[in-house]
Amino acid sequence: VGPRSLYESFYTHGFKAGVEVYGMCATAGYAGRWHNNNIDSYLPWEFPWETFQFTLTVGKSIFGLEDKESKVVQPVHGIVLAAGYSSGVGLGRMKETKLAEGITTSLSIKNIWSFEADFPIDEKSAIVSSFSYSRMKERVEVVALPIPLRSPAPFSVDIEMLSLESGYRYHPLEPFQPFFVQGSLGVTRMKPLGVRSLPNYSYKSYSLFTAGCELPLFESGLIVVPQVGVRTLFMEETVISSRLLGYNHAEYGVKLGYKL
């Protein structure tokens, strides 16, 4: 909710209902964002923003499967906690996008600090959840102005990114078990630093595909994880905001972890 005097308040709301019968569950929901209606402040906006959600799930009982209570308590083991640093370079339209004739923009993510937890399913696969903090720099440059006019200096702004993601990790090679491939989906919160924006934050989804190795350090329980990957940010096109595009970013980094 923003300042009342400037009519900049946003309201989010949602509703979901469902029915469960014999292990089958169906739900339907609605979510949206409204604002206090002021034509002078919101003339260029198209509100409300709405989404409808539907889910259908089935329980194990519908397939004749049952849960059995184990009398043996299994200790927690195999979980890997790791923290690390990554950097990278933009690819394609993230490296350079043409806004208009003679005006280009580029995006770059240089520093990514992350913390992750690796929960094993079996000897070859695991569920991985992670939290990361990074800075993305957006640079706008005028590259062609008529002579004798001089091109202005490039304008840049730092964007703070807080991200949450979850994914699936798999070790496909029997001869070299440390090697893994991983696919993840996440949501990042972006906030421009040093400039005022409305709304203050924006949320974008992304995918991240990585490959790397979990290399143990002797018998200490410590693990070094070098990895490379490609992140795809799903954002609106700079010029035509109604189009959703993928902005690719190649990354490389290393993590240090401990296996419980």
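Buried means under 20% relative accessible area, exposed means over 50%, and partly exposed lies in between. The model is predicted.

Q: Is Lys255 buried or exposed?
A: The cut-off for a buried residue is under 20% relative accessible area. Lys255 has a relative accessibility of 6%, so Lys255 counts as buried.

Q: In which strand does the salt-bridge partner of Lys255, Glu116, lie?
A: Lys255 forms a salt bridge with Glu116, and the closest N and O atoms are 3.9 Å apart. The pair links distant parts of the chain, 139 residues apart. Lys255 belongs to strand S13 (residues 244-259), while Glu116 belongs to strand S6.

Q: How far apart are the closest N and O atoms of Arg169 and Glu116?
A: Arg169 lies in strand S8 (residues 155-170) and Glu116 in strand S6, 53 residues apart. Arg169 is buried at 1% relative accessibility, and Glu116 is buried at 5%. Their side chains form a salt bridge in which the closest N and O atoms are separated by 3.3 Å.

Q: Which residues are linked with Glu116 in a network of salt bridges?
A: Side chains of opposite charge can pair when their charged atoms come close. Glu116 pairs with Arg169, and Glu116 also pairs with Lys255. The network that links Glu116 takes in Asp118, Arg169, Glu214 and Lys255.

Q: How many residues apart in sequence are Lys124 and Glu174?
A: The side chains of Lys124 and Glu174 meet in a salt bridge at 2.9 Å, N to O. Lys124 lies in the loop between S6 and S7, and Glu174 lies in the loop between S8 and strand S9 (179-192), so the pair ties together parts of the chain whose separation in sequence is 50 residues.

Q: How many salt bridges does the structure hold?
A: The pairs described above include Arg169 with Glu116, Lys255 with Glu116 and Lys124 with Glu174. The count for the structure is eight.

Q: The charged end of Arg169 sits over the ring of which residue?
A: Arg169 is also a salt-bridge partner of Glu116. The charged end of Arg169 is 4.1 Å from the centre of the ring it sits over, and that ring belongs to Phe180.

Q: What is the distance from the charged end of Arg93 to the centre of the ring of Tyr247?
A: A charge sits over a ring only if it is within 6 Å of the ring centre. The charged end of Arg93 sits over the ring of Tyr247, and its distance from the centre is 5.9 Å.

Q: What angle lies between the planes of Tyr30 and Phe52?
A: A search of the whole structure finds three aromatic pairs. One of them joins Tyr30 and Phe52, which lie 5.4 Å centre to centre and count as tilted, with an angle between the planes of 50°. Tyr30 is in strand S2 (residues 24-35) and Phe52 is in strand S3 (residues 49-58); the angle asked for is 50°.

Q: Is the pair of Tyr168 and Tyr170 stacked or tilted?
A: Planes under 30 degrees apart count as stacked. The rings of Tyr168 and Tyr170 are 6.5 Å centre to centre with 15° between the planes, and the pair is stacked.

Q: What is the volume of the largest cavity?
A: A search of the whole structure finds two cavities of 30 Å³ or more. The largest is lined by 19 residues, and among those nearest its centre are Arg231 and Lys255. Its lining divides into four nonpolar, nine polar and six charged residues. The volume of the largest cavity is about 210 Å³.

Q: Which elements give two or more residues to the lining of the second largest pocket?
A: The second largest pocket has a volume of about 450 Å³. Of its 19 lining residues, the closest to the centre are Gly78, Glu123, His171, Glu214 and Lys259. The elements asked for are strand S6 (103-120) and strand S7 (125-142).

Conventions. Residues numbered from 1 in each chain as written. Predicted model: local features only at pLDDT ≥ 70, side-chain atom pairs only at ≥ 80, totals over all residues. Heavy atoms only, no water. Phe/Tyr/Trp six-rings, centres within 6.5 Å; stacked < 30°, edge-to-face > 60°. Helix = DSSP H or I, 4+ residues; strand = E, 2+ residues; numbered from the N terminus. Lys NZ or Arg CZ within 6 Å of the ring centre and 35° of its normal. 1 Å grid on protein atoms, 1.4 Å probe; cavity = no way out; pocket = protein on both sides within 12 Å on 5 of 7 lines; lining within 4 Å. Points joined across faces, edges and corners; volume = space filled by probe spheres on them. Salt bridge = Lys/Arg side-chain N within 4 Å of Asp/Glu carboxyl O. Buried < 20%, exposed > 50% of the residue type's maximum accessible area, 1.4 Å probe, protein only. Nonpolar A, V, L, I, M, F, W, Y, C, P; charged D, E, K, R; others polar.
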